[in-house]
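Dear colleague,

Please find the structure below, handed over for your reference. The findings follow directly after it.

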Amino acid sequence: MSKVKYYYDPDTLSYRKIELKKSRRYRNIFLFILGSALFGFLGLIFLLNTNILNTPRELSLSRELKNYELRFQLLNKKMEQIEQVLANIEDRDNNIYRLYFEANPIPEEQRRAGFGGVNRYKSLEGFNNSEMIIATTRRLDVIQKQMVIQSRSLDEITKLAEDKEKLLAAIPAIQPVKNEDLTRMASGYGWRSDPFTKARKMHWGMDFTAPKGVPIYATGDGMVSRADNNASGYGKHIRIDHGYGYMSLYAHLSNYNVKRGQKVKRGDLIGFIGSTGRSEAPHLHYEVWKDEERINPINFYYGSLTAEEFENMLKYANQENQSLD
């Protein structure tokens, strides 16, 4: 039973019963219902933003989602480390390896290029963390592309290194007769007096004087292209094709130790000093060819002479004396 309320009426000097009007009563009921609804709505929002009403599966999915977000953060940190290492390798590749082997550096825009055309990441759109997932996936794709480009570059460098090693082994780089076997270095490359006509003519090689039968050695790796007596003036002679445009010639031999088509290594015994052909005395006439042009052999003895020995040879080679052939 509801309580009856009274108020004091000063006009009648008595207490009177409080009677609520119907309109006020309805207003109070409406305000109560509105307040209850508002309070209930705010409470519902609060509950939805907490884990109080979540089911165990929802709680598990929430923890799993946070775990994935953490994993993405760790993945991005690892990718940052990979990018730093890859950038260091790319820098050495462009500025050391490719420079040394005379290969063009790979342009930065080619290494960092993305992927054009269709949207590769459309299937990753529409999720709560789509931006993060797409950015990470795109970053990973770029790293993979950079690694492919770098791998191909290193394959190219390996091939260039192998070719460089073969080139260095092929270049005629040693003296064809040992110093202890030499009588003297008789004549160098350049204008010399002909021993038979006494006229001044071009001498296309270097003459090494030594007794008949002294060994002659291949000055670089290659294949014997000729070992015969069919060239005018050279007598018995050997020609070695070194590849890369290089060829060496050994003339006036007394005998051969190789035959045509045979592969030789630098330092292999190929023949013996003699005086066959147009020759005044036992000696080796030695020539170096590059791209079918005869060049001065004095520039190719870095593999067997000391600085002092090279200086002495240079001194004798530059004297305009009489050649032996």
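Glutamate 287 is buried, with a relative accessible area of 2%. Here, buried means under 20% relative accessible area, exposed means over 50%, and partly exposed lies in between (1.4 Å probe, protein chains only). The areas come from the Shrake-Rupley method with a 1.4 Å probe, and for residues only the protein chains shown count as cover.

Please note that this is a predicted model, in which local features need pLDDT of at least 70 and side-chain atom pairs count only at pLDDT 80 or more, while totals for chains, interfaces and linings use all residues. Residues are numbered from 1 along each chain as its sequence is written, and side-chain values use heavy atoms, with hydrogens and water left out.

Salt bridges

Side chains of opposite charge can pair when their charged atoms come close. The structure holds seven salt bridges, a salt bridge being a side-chain nitrogen of Lys or Arg within 4 Å of a carboxyl oxygen of Asp or Glu. One of them joins glutamate 287 to arginine 294, at 4.0 Å from N to O. Arginine 294 is partly exposed, at 26% relative accessibility.

Another salt bridge is formed by aspartate 163 and lysine 159, whose closest N and O atoms are 3.0 Å apart. Both residues lie in helix H4 (residues 130–170), four residues apart, which is about one turn of the helix. Helices (H or I, at least four residues) and strands (E, at least two) are DSSP runs, numbered from the N terminus. Aspartate 163 counts as partly exposed at 24% relative accessibility, and lysine 159 counts as partly exposed at 46%.

A further salt bridge links aspartate 221 with lysine 265, with 3.7 Å between the closest N and O atoms. Aspartate 221 lies in the loop between strand S7 (215–217) and strand S8 (222–228), and lysine 265 in the loop between strand S12 (263–264) and strand S13 (269–273), so the pair ties together parts that are 44 residues apart in sequence. Aspartate 221 is buried at 17% relative accessibility, whereas lysine 265 is exposed at 52%.

Aromatic rings

A search of the whole structure finds two aromatic pairs. Rings of Phe, Tyr and Trp (its six-membered ring) pair if their centres lie within 6.5 Å; planes under 30 degrees apart count as stacked, over 60 as edge-to-face and the rest as tilted. Tyrosine 189 and tryptophan 204 form an edge-to-face pair, 6.2 Å centre to centre with 70 degrees between the planes. This pair links distant parts of the chain, 15 residues apart: tyrosine 189 is in the loop between strand S3 (184–187) and strand S4 (190–193), and tryptophan 204 is in the loop between strand S5 (200–203) and strand S6 (206–209). Tryptophan 204 is partly exposed, with a relative accessible area of 32%.

The ring centres of tyrosine 250 and tyrosine 286 are 5.3 Å apart and the planes are at 45 degrees, so this pair is tilted. Tyrosine 250 belongs to strand S10 (residues 246–251) and tyrosine 286 to strand S14 (residues 283–290), 36 residues apart. Tyrosine 250 is buried at 0% relative accessible area, and tyrosine 286 also counts as buried, at 0%.

Nonpolar core

The largest nonpolar core has 25 residues, and those with the most contacts inside it are Phe208, Ile238, Ile240, Tyr250, Ile270 and Leu284. Such a core is a set of buried Ala, Val, Leu, Ile, Met, Phe, Trp, Tyr and Cys residues joined through side-chain atoms within 4.5 Å. The elements giving two or more residues to this core are S6, strand S9 (237–243), S10, S13 and S14. S14 gives the most, with three residues.

Backbone and nearby contacts

Most residues other than glycine have a negative phi, and most peptide bonds are trans. Histidine 252 has a phi near 70 degrees, a positive value in a residue other than glycine. Histidine 252 lies in the loop between S10 and strand S11 (253–256) and is buried, with a relative accessible area of 1%. Aspartate 291 likewise has a positive phi, near 55 degrees, and is placed in the loop between S14 and strand S15 (293–295).

Arginine 192, in strand S4, is buried, with a relative accessible area of 4%. The C-alpha atoms of arginine 192 and methionine 202 are separated by 6.1 Å, the two residues being ten apart along the chain.

Yours sincerely
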